[in-house]
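Below is a set of questions and answers on one structure. Sequence and coordinates come first, and the discussion follows.

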Amino acid sequence: MDTYYHPHDLGKFADMGKGNKNLWDKFMSYYTAVFAEAALTEREKALIALGVAHAVQCPYCIDAYSQACLEKGSNTEEMTEAVHVACAIRGGASLVHGVQMRNVVEKLSM
Amino acid sequence: MAPTLQARNSPLDSSDEQLKLLAATKSCSPFHAKMEQAGLAPLHGTGISVFQINVGKLCNQTCRHCHVDAGPDRKEQMARDTAELCIKALATTGIPTVDITGGAPELNPNFRWLVEQSRALGRHVIDRCNLTVLLVPSQEDLPEFLARHQVEMIASLPYFRPAQTDAQRGEGVFDKSVHALQELNKVGYGADGSGLILNLVYNPVGAFLPPTQEAMEAQFKRELATRYGVTFNHLYTITNMPISRFLEFLVESGNYEGYMQRLANAFNPAAAAGVMCRYTLSVGWDGTLYDCDFNQMLDLPVDFGAPRHIRDFDAAQLHTRRIVIGNHCYGCTAGAGSSCGGATY
């Protein structure tokens, strides 16, 4: 079955450098620095990335950071909690906009 | 407990089948070509510092990743006369370390004799232990025996949680392993200043690479101390080799090509330069000589003119022998590298 996203396309990510090598190099340099061990461990950063991958619903990032989390020593329970954090923030972001709804209703209603 | 490949008459019980599958890998270039590119071919030994004896395939567990296809039904066991040849050969050398493995090596009737003889020769002895064997009724005095002979313990514990450990090693293995670790701690293993070394081995519970050794060790120490009061010295992270039962898992789960690609993409020339076969001699249960325990399980004995049996042991010929390599060797050269002593780089 044909799909819009193909797992093997992740391997072509570096092709983005063909359009503008300078910007690609800057991005990769920044990306590498972001994920290096610093105040947060590489393992913690991979868990954050996994949560964000689910929030932005990027299939490539989900594939890459599910594997990365395992390879940094995380377990399914920790990874599931990271996804729930993403879910809670996404859900909460919708719900908190209910305040806007209530403001509008309040203004319009008698 | 799952039966061994041999008990199931699996085609992968045959080392020829495994080698055929490995040679036909599509997702990576042949290992020898990678080594040539890295300027490491042909690969030669640098001098034997570890004399590894695999005393047989008998084990009280059948772990899903086992590269030996060990289990309770296996009959291959090193006999006393072969063990005597090992000690005789060892005595002619200054090789400092004797590394005893299996199966569960402790179940071999000659295990304790080998430990005593090696110690009498002044050699450092390592026991590669699956932990649960310490709870087998006939082995209750084993912790005291090992402590008395100052044997370094290298014990398998793939994760600090029950679910992951049991998924790989069998139902209930985690709880028994923790109990065994507590028994080892009781006789002084893993305690500061005791001189009794207890190292643990992490290996991935699935088709992925191991984490950084240092980071994982810190996590293991924190979790095992907090939850179970267990202490140990170091954690070794070991990559699963694409052979035997782990190979079966890779094929059946559709992960084989992806895993090989992962290993090959992570090829690290520095790790390749430090692979354990360069300083190890591996002796099989029947006395055949190999470059490593993995080659042993693939029936790839030493070659290129080196003596092939312990009865013909000749240190001068074996120290710098040319090493036999194949696509399975990608398992030792990926990332931070992998060896019986963990990461190599």
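Helices (H or I, at least four residues) and strands (E, at least two) are DSSP runs, numbered from the N terminus. This is a predicted model, in which local features need pLDDT of at least 70, side-chain atom pairs count only at pLDDT 80 or more, and totals for chains, interfaces and linings use all residues. Residues are numbered from 1 along each chain as its sequence is written, chains are lettered from A and ligands numbered from 1 in the order in which they are written, and side-chain values use heavy atoms, with hydrogens and water left out.

Q: In which loop of chain B is the place of B:Asp299?
A: B:Asp299 is not a glycine, yet its phi is positive, about 55°. Its relative accessibility of 48% counts as partly exposed (buried is under 20% relative accessible area, exposed over 50%, partly exposed in between, with a 1.4 Å probe and protein chains only). The place of B:Asp299 is in the loop between α12 (293–297) and α13 (315–319) of chain B.

Q: Is B:Leu131 buried or exposed?
A: B:Leu131 lies in the loop between β3 (124–129) and α5 (142–148) of chain B. Its phi is near 75°, a positive value in a residue other than glycine. With a relative accessible area of 0%, B:Leu131 is buried.

Q: What is omega for the cis peptide bond that joins B:Gly102 and B:Gly103?
A: B:Gly103 is found in the loop between β2 (97–101) and α4 (111–120) of chain B. The bond joining B:Gly102 to B:Gly103 is cis, and its omega is about 25°.

Q: Where in chain B is the place of B:Pro42?
A: The peptide bond from B:Ala41 to B:Pro42 is cis, with omega near -5°. The place of B:Pro42 is in the loop between α2 (31–37) and β1 (50–54) of chain B.

Q: Which strands of chain B stand at the edges of the sheet?
A: The open sheet has 8 strands in the order β6-β5-β4-β3-β2-β1-β7-β8 (chain B), and the pairing is mixed; two strands pair if DSSP finds at least two bridges between them. One side of each edge strand is left without a neighbour in the sheet, because each has a single partner strand; the two are β6 (235–237) and β8 (289–290) of chain B.

Q: Which residue in β5(B) is the bridge partner of B:Ile154?
A: Strands of a sheet pair through backbone hydrogen bonds, either parallel or antiparallel. Strands β4 (residues 152–156) and β5 (residues 198–202) of chain B run parallel and are joined by 4 bridges. In β5(B), the bridge partner of B:Ile154 is B:Asn199.

Q: With which residues is A:Asn75 in contact, leaving aside its neighbours within four places in sequence?
A: A:Asn75 is found in the loop between α3 (59–71) and α4 (76–96) of chain A. At 2% relative accessibility, A:Asn75 counts as buried. Contact means heavy atoms within 4.5 Å, and the residues in contact with A:Asn75, sequence neighbours within four places aside, are B:Tyr159, B:Phe160, B:Arg161 and B:Gln164.
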